[in-house]
Amino acid sequence: MDRPVNPQSPAGDRATPLRHRDDLIAHGLVRPEDGPLLDEVAARYATAIPPAFLSLIETPDDPIGLQVIPSPAELTIAPHERVDPIGDDALSPVPGIVHRYADRALLKPLLICPLYCRFCFRREHVGPEGGLLSDDDLNQAFDWLRARPAIREVILTGGDPLMLSPRRLRRIMDALTAIPHLETIRLHSRVPMAAPDRMTSEMLDALETDRAFWMVVHANHAREFSEAARAALRAIQRRGIPVLGQSVLLRGVNDSVPALEGLLRAMVTARVKPYYLHQLDPAPGTAHFHVPIHEGRALLEALRGRVTGLAWPTYVLDIPGGHGKVPIGPDYIGPAGDSVRDPNGVRRTLGGDVL
């Protein structure tokens, strides 16, 4: 499908996300003849394309459109795909908490996102209609954290924590800051890229804490670093908040050397340190995004020595069933003595003369 998007379409309110099939058709994002299949997709998985992301889509099958436009391909479920691909549900002792590692826990205060990625590993749970923890649930989560001094870090995720109101986010940050054994608070978000207008002074004020605080933003293509996104990131950084970047390796989005290099360079240019490059989690209906691990390793190998070490992420696979992330990047140690290795068996990453 290679039809241009019509940003002047009268259907839908340009100030709000596109959510419905008819609006997607009117904007030239999906084909009318796919309507019945898209209704089936919509019955299972939410759609939201906020204005900031819509403005970046040049064609429906470009690296931005592929991430957020629903597709009939999502109805094809591969045998290896799982509703809960990384085992969150079995590791949730109380609502909103996931505890996989001894020294840290996830806190998911809501399951609402500014956009709904078509490859999301939590796609069976997230959506605009639910997932907001009640005050009682939040208090139970805080009590659970207070009772476990081994936990030194809390990761706010969801959904997207920056979709909360500043007032509610402030309450959560204050409660976490008051737990003596919590040393680090981390927040994972798509908002600076997908809905940068939400990064108001009030929202930034809500993030104030005397604990080590890190923000991790999710971006998969260089074009996501729009002028508005970069301004939002600068506003975050001016508050002294370090920003890391995480991405998912996706077919048609960033599965080439130029695309992945462009993404990593865009992050570093925006003062975002690439942190994780995730192998796709096997969520239902996502197989069309799958890039085999051997291709991912080859991509990173091609970039070693080509981009600064500042731009180098850790390539990881989250082992299904709740077993955690494992680095799967390329290897550089092998038998010594051949023409491409040093005496220790370490392979060179730069060949020949560098001009």
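1. In strand β6, His218 has Gln246 as its bridge partner. Further along, Val217 stands opposite Gly245 in β6. Strands here are DSSP runs of E with at least two residues, helices are runs of H or I with at least four residues, and both are numbered from the N terminus.

2. Before you go on, please keep in mind that this is a predicted model, where local features need pLDDT of at least 70 and side-chain atom pairs count only at pLDDT 80 or more, while totals for chains, interfaces and linings use all residues. Residues are numbered from 1 along each chain as its sequence is written, and side-chain values use heavy atoms, with hydrogens and water left out.

3. Now look at the two neighbours of β6. Strand β5 (residues 212-218) pairs with β6 in the parallel sense over four bridges, and β6 pairs with strand β7 (residues 273-278), also in the parallel sense, over five bridges. Two strands pair if DSSP finds at least two bridges between them. Gly245 has Pro274 as its bridge partner in β7.

4. Is β6 (residues 243-248) buried or exposed? Six of its six residues are buried, that is, under 20% relative accessible area with a 1.4 Å probe and protein chains only. On one side sit Val243, Gly245 and Ser247, and on the other Leu244, Gln246 and Val248, so both faces are covered.

5. Stepping back, nine strands make an open sheet in the order β1-β2-β3-β4-β5-β6-β7-β8-β9, with mixed pairing. Its edge strands, β1 (97-101) and β9 (324-327), each pair on one side only.

6. A cavity is a set of points on a 1 Å grid over the protein atoms alone where a 1.4 Å probe fits but cannot get out; grid points are joined across faces, edges and corners, and the volume is the space filled by probe spheres set on the points. Residues lining the largest cavity include Tyr45, Tyr116, Arg118 and Arg123, where lining means having an atom within 4 Å of a point.

Terms used:
Buried means under 20% relative accessible area, exposed over 50%, partly exposed in between (1.4 Å probe, protein chains only). On a 1 Å grid over the protein atoms alone, a cavity is a set of points where a 1.4 Å probe fits but cannot get out, and a pocket is an open set with protein on both sides within 12 Å along at least five of seven lines; lining residues have an atom within 4 Å of a point.
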